[in-house]
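Please read each point alongside the sequence and the 3D view.

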Amino acid sequence: MIQAATSNDLFLRAQNSIPGGVNSPVRAFKAVGGNPRFMVSAKGAYMFDEDGNKFIDLINSWGPMILGHASELVQKAVQDAIPNSLSFGAPTRKEIEIAELIVSMVPSIEKVRMVNSGTEATMSAIRVARGYTGRDKIIKFEGCYHGHGDSFLISAGSGAITLGVPDSPGVTKGTANDTLTAPFNNLEAVQTLVEANKGQVAAIILEPVAGNMGLVTPADGFLQGLRSICDKEGIVLIFDEVMTGFRLARGGAQELYGVTPDLSTLGKIIGGGMPVGAYGGKKELMDYVAPAGPVYQAGTLSGNPIAMSAGMAMLTYLNEHPEVYTQLDHTAGKMVAGMQQNLEQSGHKFTINRVGSMFSIFFTDQPVNDFESAKTSDTAMFGRYFNAMLQRGIYLAPSQYETLFVSTSITEDLVEQYVQASIESIKEALEAK
Ligand SMILES: *Cc1c(COP(=O)(O)O)cnc(C)c1O
């Protein structure tokens with residue numbers, strides 16, 4: 001049985017000084033019921049909480065811990081960097097080294113600017129696209145998350161051609177009106193928006209594999225179709241690879257699917273667990289960024305030497321060990337196959353989407369290929385499943401609309417444990433209905 005007294009106390013105490021008791025909303029377990037666990041340490045595949053519980057971690061800090069927790073090579077790089085001071089606010093050799101490495105790994109990137117989060121990366125990328133094209137509007141997709149920048153907190157409302165309505169109070173109408181939304185995997189809707197806003201669309205931004213509505217894969221031809229619309233209309237194509245970058249392949253989803261955007265945004269794995277983001281792309285576009293060009297973007301702690309050291313160690317390892325991606329694909333494939341086999345035997349038809357080491361289960365019998373179909377999933381069932389898994393020592397993302405991230409620390413034994421727990425938890429969640 002999972003102990004919870006200390007975490008429950010801490011969560012109560014946290015409410016007094018932190019909004020909702022957490023520093024990022026999804027951590028609060030609101031979507032699944034129950035209180036969040038407060039963590040004290042983690043190593044490899046395991047996280048340890050304040051109550052003395054041990055969990056197999058399938059979030060891995062929402063992606064960065066692709067080599068498992070407390071990777072010795074990343075930690076050593078950080079320890080080596082610390083005595084030289086934590087920050088200078090002046091350029092360092094390490095920033096060139098990591099930029100050169102990123103350029104060599106990510107197909108679309110010829111020049112890159114480091115920032116401190118994925119949110120900063122996407123905000124900056126659309127500013128560059130707007131500055132470069134002299135246009136105001138952007139197209140995003142329903143269910144795609146690009147951080148909490150004002151322009152991105154918009155959903156479609158009814159119908160793709162409707163003007164955006166703010167999803168969050170605090171986003172102005174002006175901003176919302178400049179964000180057009182289309183259903184994921186729907187090229188026709190994009191075409192219609194582009195025609196209705198001829199010469200006004202600066203950028204199309206998307207997660208090439210969507211991970212923020214649960215995992216949704218791009219349909220055949222979708223990414224290529226967007227590429228050709230952008231080429232024809234002079235629109236900047238931005239792949240938000242904050243989640244997929246360095247995860248699906250060394251060069252991210254753009255390498256896996258063979259479609260090259262004009263700009264890419266990166267985060268999560270790029271910092272090896274430290275707060276880092278980056279945006280980069282064609283020289284022509286990136287030379288629009290100050291001080292080379294007129295588009296202003298800056299950061300006191302950008303390119304921080306400790307964060308760069310962690311990122312450099314992580315990326316160097318991944319670059320030199322492409323077999324990591326085959327291993328992760330194999331591990332995640334076995335996890336999913338084990339569940340699928342049991343579901344078939346028990347006559348339940350649920351949808352599991354997977355690309356490489358990212359996957360999600362949706363409690364619906366429909367295929368899930370956009371936000372509308374993702375929403376057919378039984379989220380109450382997901383909540384019961386999540387809590388049943390937690391009781392079995394398996395820590396999943398506390399929301400239906402998230403993906404799981406497999407790390408290289410997941411061994412064959414743990415795959416077995418996961419599959420077994422998952423089968424029992426689905427059964428329990430169905431019975432509790
Ligand atoms: C996590 C995420 C972001 C935001 O990154 P932060 O570092 O949380 O600001 C942006 N885009 C995608 C696709 C993400 O998954």
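**Notes on the predicted model**

1. N353 is a buried residue, since its relative accessible area of 12% falls under the 20% limit for that class. N353 belongs to strand β13, which covers residues 351-355.

2. Attention may next turn to a sheet. Four strands make up an open sheet, arranged in the order β1-β2-β3-β15, with mixed pairing. The edge positions are taken by β1 (39-43) and β15 (394-395); each has a single partner strand, so one side of each lacks a neighbour in the sheet. In general, strands of a sheet pair through backbone hydrogen bonds, in either a parallel or an antiparallel manner.

3. How many bridges join strand β3 to β15? There are two, and these strands run parallel; β3 spans residues 54-57. For D57, the bridge partner in β15 is Y395.

4. The second largest pocket holds about 660 Å³ of space. Its lining consists of 31 residues, and those nearest its centre are E95, V112, R113, M114 and S302. Two or more lining residues are given by each of the elements α3 (93-105) and β4 (111-115). The largest share, five residues, comes from α3.

5. What is the make-up of the lining of the second largest pocket by class? It comprises 16 nonpolar, nine polar and six charged residues.

6. Is K375 buried, partly exposed or exposed? K375 is partly exposed, because its relative accessible area is 42%, and that class lies between the 20% and 50% limits.

7. A distance involving K375 may also be checked in the 3D view. K375 and G338 are 37 residues apart along the chain, and their C-alpha atoms are separated by 25 Å.

How values were computed. Residues numbered from 1 in each chain as written. Predicted model: local features only at pLDDT ≥ 70, side-chain atom pairs only at ≥ 80, totals over all residues. Heavy atoms only, no water. Buried < 20%, exposed > 50% of the residue type's maximum accessible area, 1.4 Å probe, protein only. Pairing = 2+ DSSP bridges. 1 Å grid on protein atoms, 1.4 Å probe; cavity = no way out; pocket = protein on both sides within 12 Å on 5 of 7 lines; lining within 4 Å. Points joined across faces, edges and corners; volume = space filled by probe spheres on them. Nonpolar A, V, L, I, M, F, W, Y, C, P; charged D, E, K, R; others polar.
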